Amino acid sequence: MTALTPAVPWQALAADPATVERYEAKVYRGPGPTDCHWWLGAISDSGHGKLRAGSRPAGTSRVVSAHVLGFAIHHGAAALQGAIVRHRCDEASCQNPAHWLTGDRLQNILDFQARRGLTGHPLADVRGAAGRAVAVRDAILAAAPGAEADAIAAALAAGHPSGDHQDTLW
C-alpha cells in the first residue's frame, strides 16, 4: 500500500514572499517581452526547472516545477485545478508567463507529437529537453555581462548541428 502524496499548496507557495524571492532570483529575463525567460537553477530530467519552495516550519516545503510555481505566482493558483501548465514556446525551462497556457496531458502530448519533428525546433534538439535547458542555463551563467543573448543563441544553435532554425510559432 502506498501513502498518498499531499497536494501541493500552490496558493500558499505563490503567496510566500521568501518563495517568490527565491523563484525570481533564478529567472533570467531576455531583453524583449516575447523572449523566453530562462531558468538558472536546478533542472529535471525533463528539462523543467526545479525549486524548493515553501517553508519546513509551515509544513509547505516541497520541491516543485518552477514553471508551475511561476504560473501560480503570475496567474493565480486557482487556474491550476485539474490542469497542467504547457509551454507555447516548447522550451521546458522557460519562465515567461506569456508563454504558458493550461491544458491537460493529452493536449501536451499532442503538441509534442505535432512539433517534435519540425526542422530546427526546440523539441528536435539533439540533446533532448534537459540537455538543451542545461546548455542554455550554463551559457547564461558563464556569459560576460551584456553577452547573454549571444551565449543563448550559441547554446540553442548547438542543439541543431545541421544549422537548421525554426522561427517562433506565435
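How many helices and strands does the chain have? The chain has six helices and seven strands, where helices are DSSP runs of H or I with at least four residues, strands are E runs of at least two, and both are numbered from the N terminus. Starting at the N terminus, the order reads α-α-β-β-β-β-β-α-β-β-α-α-α.

A word on ground rules. This is a predicted model, with local features needing pLDDT of at least 70 and side-chain atom pairs counting only at pLDDT 80 or more, while totals for chains, interfaces and linings use all residues. Residues are numbered from 1 along each chain as its sequence is written, and side-chain values use heavy atoms, with hydrogens and water left out.

**Overall build**

Here are the whole-chain numbers.

| Property of the chain | Value |
|---|---|
| Box filled by the C-alpha atoms, along the principal axes | roughly 50 × 40 × 30 Å |
| Buried share of the 170 residues | 42% |
| Accessible area | about 9300 Å² |
| Carbon and sulfur share of that area | 56% |

Buried means under 20% relative accessible area, exposed over 50%, and partly exposed in between (1.4 Å probe, protein chains only). The areas themselves come from Shrake-Rupley with a 1.4 Å probe, and for residues only the protein chains shown count as cover.

As for contacts (heavy atoms within 4.5 Å), take the ones between residues at least 6 apart in sequence: 59% of them join residues at least 24 apart.

**Helix α6**

Which residues are buried in helix α6? In this helix, residues 148-157, they are E148, A151, I152 and A155. Looking down the axis of α6, its buried residues fall within an arc of 100°, so they line one face of the helix; the arc is that of the directions from the helix axis to the C-beta atoms. Their cover includes β1 (27-29), β2 (37-39) and α5 (128-142).

**Two local spots**

On the surface, L106, I109 and L110 make up a nonpolar patch with about 290 Å² of accessible area together. Patch residues have over 30% relative accessible area and no salt bridge, with nonpolar side chains (Val, Leu, Ile, Met, Phe, Trp, Tyr) joined within 5 Å and like charges within 9 Å; a salt bridge is a side-chain nitrogen of Lys or Arg within 4 Å of a carboxyl oxygen of Asp or Glu. I109 sits in helix α4 (residues 105-115) and is partly exposed, at a relative accessible area of 46%.

Then there's D90, in the loop between β6 (84-87) and β7 (100-103). Its phi is near 60°, a positive value in a residue other than glycine. D90 is buried, with a relative accessible area of 12%.
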